[in-house]
Amino acid sequence: MVGGNGIECDDIDECLTTNICSDNATCSNTIGNYSCTCKNGFSGNGTHCDDIDECETSNICSPNATCTNTIGSFICACNDGFSGNGTHCEDIDECETNNICSPNATCTNTIGNYICTCNDGFSGEF
């Protein structure tokens, strides 16, 4: 839109005056007009932008992690028994780091967990 008295015409910044873009869009002023573009993590026409569920569309989390969709983004968190940044999760060897088995038992690391087995001559539950 252009404003002025017909002799001198100045561009009106619609992004400042009549911005109808979504709160999840970026408004770009152009000469005599403007455009709305959805921000990363959103899709739509700019005046209406919906959150993209990245966990459903492009989950880059580790198979040993949980993906949680957030508004405009997502979070990867390693599952119990694993450590890392969520996109790369390594098994924790609980027998080495946090062995809670009895001194009369053998600890065996498993993927994401561990097993305590009583030594010969001992019995009990874990």
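This is a predicted model: local features need pLDDT of at least 70, side-chain atom pairs count only at pLDDT 80 or more; totals for chains, interfaces and linings use all residues.
The protein chain has three helices and 12 strands. Its radius of gyration comes out at 28 Å, well over the 14 Å that the globule rule gives for 126 residues, so the chain is more spread out than a compact globule. You can see that in the box its C-alpha atoms fill, roughly 100 × 20 × 20 Å along the principal axes. Buried residues make up 25% of the 126.

Now, the cysteines. How many disulfides does the structure hold? Eight, and I'll go through a few of them.

Let's start with Cys15 and Cys27, joined with an S to S distance of 2.0 Å. Cys15 sits in helix 1 and Cys27 in strand 3, so this pair ties together parts that are 12 residues apart in sequence. Cys15 is buried, at 16% relative accessibility.

Next up, Cys21 and Cys36, with sulfur atoms 1.9 Å apart. That link is left-handed, with -80° about the S-S bond. Cys21 is in the loop between helix 1 and strand 3, while Cys36 is in strand 4.

Further along, Cys101 bonds to Cys116. The torsion there is about -80°, so that disulfide is left-handed. Cys101 is in the loop between helix 3 and strand 11, and Cys116 is in strand 12.

And which cysteine sulfur is nearest to Cys9, which is in no disulfide? That of Cys15, and it's 20 Å away. Cys118 is in no disulfide either; for that one, the nearest cysteine sulfur belongs to Cys116, 8.4 Å away. Cys9 is partly exposed, at 48%, and Cys118 is partly exposed too, at 22%.

Conventions. Residues are numbered from 1 along each chain as its sequence is written. Side-chain values use heavy atoms; hydrogens and water are left out. Helices (H or I, at least four residues) and strands (E, at least two) are DSSP runs, numbered from the N terminus. The radius of gyration is taken over C-alpha atoms; the globule rule is 2.2 Å times the number of residues to the power 0.38. Buried means under 20% relative accessible area, exposed over 50%, partly exposed in between (1.4 Å probe, protein chains only). A disulfide is a pair of cysteine sulfur atoms within 2.5 Å.
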